[in-house]
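Hi everyone, thanks for making time for this.

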Amino acid sequence: MEYISQEGYDKMVAELHELMTVERPRISEAISEARDKGDLSENFEYHAAKREQGKLEGRIDRLKVKLTNARIIERNRLTADAVQLFSTVKLTDLTHNREMKYTIVNPMEADFSTGKISIKTPIAQGLLKKRVGDIVEIKVPAGMLKLRIDNISIM
């Protein structure tokens, strides 16, 4: 079971719908057109479309499993007294004297470009259960980070 935000759940449902109602028929049509061109043993378009179909069906299956195992967490049940899943944490990197802000999410919703980091990352693991004012040292691939928690809110 994976806890997920309503936003993340809705995004996966929309992607699954798109794959099943738009992409699946498009690939089926491409396979049909390629099949009509004759000898399948040397038909590159047919084999490419079949490979694409395999990837698509794999993605659909993975999404279905994720949605089956997803449990939507209600934000109103979360508190901002300590870092947890779906916390937005403002930090000061004392090692490099810079401010940072991360939202801790499940791996399915992680997107570093928007500041959403997986709960399984070293930084998130080091922050869990910590409170405002705490200073933590976290080992990351680039070395050690010394972080001060300045604020915690719920995403």
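So, what is the protein built from? It has three helices and seven strands. Please keep in mind as we go that this is a predicted model. If you read along the sequence, the elements follow the pattern β-α-α-β-β-β-β-α-β-β. The radius of gyration is 22 Å, while the globule rule gives 15 Å for 155 residues, so the protein is more spread out than a compact globule.

Let's turn to the inside and the surface. Of the 155 residues, 34% are buried. The accessible surface comes to about 9700 Å², and carbon and sulfur atoms account for 51% of that. As for charges, there are 26 positive and 24 negative ones, and their mean positions lie 7 Å apart. Then there are the contacts along the chain: taking those between residues at least 6 apart in sequence, 52% join residues at least 24 apart.

Now please find helix H2, which runs over residues 44–69.

Which residues of H2 are buried? They are Tyr 46, Ala 49, Leu 56, Gly 58, Ile 60, Leu 63 and Leu 67. And what do these buried residues pack against? Their partners are helix H1, residues 6–35, and strand E2, residues 70–72.

Start with Asn 97, in the loop between strand E3 (87–93) and strand E4 (98–105). Asn 97 is not a glycine, yet its phi is positive, at about 55°. Is Asn 97 buried or exposed? Its relative accessibility is 68%, and the cut-off for exposed is over 50%, so Asn 97 counts as exposed.

The other one is Lys 129, which you'll find in the loop between helix H3 (122–127) and strand E6 (135–140). Lys 129 is not a glycine either, and it has a positive phi of about 70°. With a relative accessible area of 71%, Lys 129 is exposed.

Technical notes:
Residues numbered from 1 in each chain as written. Predicted model: local features only at pLDDT ≥ 70, side-chain atom pairs only at ≥ 80, totals over all residues. Heavy atoms only, no water. Helix = DSSP H or I, 4+ residues; strand = E, 2+ residues; numbered from the N terminus. Rg over C-alpha atoms; globule rule 2.2 N^0.38 Å. Buried < 20%, exposed > 50% of the residue type's maximum accessible area, 1.4 Å probe, protein only. Contact = heavy atoms within 4.5 Å. Areas by Shrake-Rupley, 256 points an atom, 1.4 Å probe, with all protein chains shown as cover. Lys, Arg positive; Asp, Glu negative; His and termini not counted. Charge placed at Lys NZ, Arg CZ, Asp CG, Glu CD. Expected span 1.5 Å × (residues − 1).
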